[in-house]
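Trainee: I would like to go through this model with you by way of questions and answers. May we begin once the structure is on display?

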Amino acid sequence: MLQKLNKQLEKLMPLITPTSVVIGVLLTTYLSPLSFLVPWIFAFITFSGSLSSNFRSLQKAISHPFPILIALFTLHLLMPGWAWLVGHLTFPGDSLTITGLILAVVIPTGITSFIWVSMKHGNIALTLSIILVDTLISPFVVPYSLTLFAGGSVEMDILSIMKGLLFMVVLPSILGMVVNHLTKGTCKTTLSPKLAPFSKISLGIVVMINSAEVAPYLQNVDLKLLITAIAVFFVAFSGYLFSWGIGRLMKLEKDEIIALVFTGGMRNISAGAVIAVTFFPAEVAVPVVVGMLFQQVLASIYGYFIQRTYSLEALEQKQSA
């Protein structure tokens with residue numbers, strides 16, 4: 001029953017986050033007081049997603065680091081720099097919105113990228129390695145990337161951000177790896193499938209509560225909110241495209257490129273929203289929450305592009321042969 005529910009939720013992934021944002025805005029009075037639960041719920045989501053990881057994959061990642069270094073360059077240098085440029089061109093002088101745009105792309109890659117990579121027959125081992133390495137370094141990389149690109153324009157409690165990432169992302173990931181190690185990998189077929197549907201439901205709950213926190217900035221649809229949505233969509237769309245282009249430029253294998261596309265395009269956007277709502281003024285959280293509307297939709301669009309592109313290439317190779 002849980003496996004059937006999980007498959008249904010996987011199909012609904014492009015709709016879960018946008019619907020949760022709308023529900024959060026509509027039910028802000030009831031959901032906003034529950035914000036204290038968000039770090040705990042998110043820690044559970046991270047733990048559930050990390051049960052497929054193990055220490056051996058981390059060792060392999062360190063011994064073959066080139067594709068991972070490309071992913072980290074895209075995630076923490078190229079995309080924050082691009083968001084900074086787009087932000088300054090679109091919102092000159094608006095430091096809070098620019099910081100929100102940068103935060104939306106500087107956070108670690110999304111655990112849900114693993115789902116899309118596996119569906120599109122990408123390199124699963126590489127995907128898990130990128131998620132694992134990026135997650136472990138996030139408490140250090142995220143605050144200092146924000147400092148580099150946002151500068152002194154917005155006050156940041158770097159130590160608190162690091163603690164938040166450690167609690168919500170790093171420690172649950174390590175715990176998931178420990179469980180994988182102790183069960184000799186059997187948790188992937190026993191515990192992980194049972195937790196998977198609850199993890200997806202929990203993701204929706206986190207999005208609802210975070211949306212309720214910034215509801216006053218989302219309820220009045222004005223010109224600035226529309227421009228913010230367009231800018232966020234453009235930056236997020238670019239993340240997938242840049243990753244695909246870099247993968248092809250470096251002449252990586254097809255399955256490695258697919259892994260780079262989804263890990264480079266997707267973000268742990270819920271963790272970003274938690275950080276934005278907890279440690280920044282509400283205006284900073286608006287671009288991050290708006291990003292939740294597009295993430296799964298963009299993943300499905302690029303999933304179609306990938307399938308179409310590589311199907312045509314395979315057909316051309318057959319014809320030329």
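In H7, the residues Thr97, Ile98, Thr99, Gly100, Leu101, Ile102, Leu103, Ala104, Val105 and Val106 are buried, where buried means under 20% relative accessible area, exposed means over 50% and partly exposed lies in between (1.4 Å probe, protein chains only). Helices are DSSP runs (H or I, at least four residues), numbered from the N terminus. The model is predicted: local features need pLDDT of at least 70, side-chain atom pairs count only at pLDDT 80 or more, and totals for chains, interfaces and linings use all residues. Residues are numbered from 1 along each chain as its sequence is written, and side-chain values use heavy atoms, with hydrogens and water left out.

Trainee: How many of the twelve residues of H7 are buried?

Mentor: H7 reaches 16 Å from its first C-alpha to its last, close to the 16 Å expected at 1.5 Å a residue; the expected span is 1.5 Å times one less than the number of residues. The helix is largely enclosed by the rest of the structure, because the number of its twelve residues that are buried is ten.

Trainee: Why does the span of helix H2 agree with its number of residues?

Mentor: The buried residues of H2 include Met13, Pro14, Ile16 and Val25. Helix H2 covers residues 13-26, and its 14 residues should span 20 Å at 1.5 Å a residue. The span agrees because the end C-alpha atoms are apart by 21 Å.

Trainee: At which residue does H6 bend?

Mentor: H6 has 25 residues and reaches 34 Å from its first C-alpha to its last, close to the 36 Å expected. The bend at a residue is the angle between axes fitted to the seven residues ending there and the seven starting there. In H6 this angle is about 40 degrees, and the residue is Thr74.

Trainee: Which residue forms a salt bridge with Asp94?

Mentor: A salt bridge is a side-chain nitrogen of Lys or Arg within 4 Å of a carboxyl oxygen of Asp or Glu, and by this rule the count comes to one. The closest N and O atoms of the pair are 2.7 Å apart, and the partner of Asp94 is Lys224. The pair links distant parts of the chain, 130 residues apart: Asp94 lies in the loop between helix H6 and helix H7, and helix H13 (residues 223-249) holds Lys224.

Trainee: Is Lys224 buried, partly exposed or exposed?

Mentor: The relative accessibility of Lys224 is 39%. Because of this value, Lys224 counts as partly exposed.

Trainee: Which residue forms an aromatic pair with Phe237?

Mentor: Rings of Phe, Tyr and Trp (its six-membered ring) pair if their centres lie within 6.5 Å; planes under 30 degrees apart count as stacked, over 60 as edge-to-face and the rest as tilted. A search of the whole structure finds eleven aromatic pairs. One of them is tilted, at 5.1 Å centre to centre and 55 degrees between the planes, and the partner of Phe237 is Tyr302.

Trainee: Is Tyr302 buried or exposed?

Mentor: Tyr302 lies in helix H16 (residues 282-320), 65 residues from Phe237 in helix H13. Phe237 counts as partly exposed at 26% relative accessibility. With a relative accessible area of 1%, Tyr302 is buried.

Trainee: Is Asn210 buried or exposed?

Mentor: Asn210 is placed in helix H11 (residues 191-213). Not counting residues up to four places away in sequence, Asn210 touches residues including Val38, Ser270 and Met292, contact meaning heavy atoms within 4.5 Å. At 3% relative accessibility, Asn210 counts as buried.

Trainee: What is the phi of Lys184?

Mentor: Most residues other than glycine have a negative phi. Lys184 lies in the loop between helix H10 (158-182) and H11, and counts as exposed at 77% relative accessibility. Its phi is positive, near 55 degrees.

Technical notes
Helices (H or I, at least four residues) and strands (E, at least two) are DSSP runs, numbered from the N terminus.
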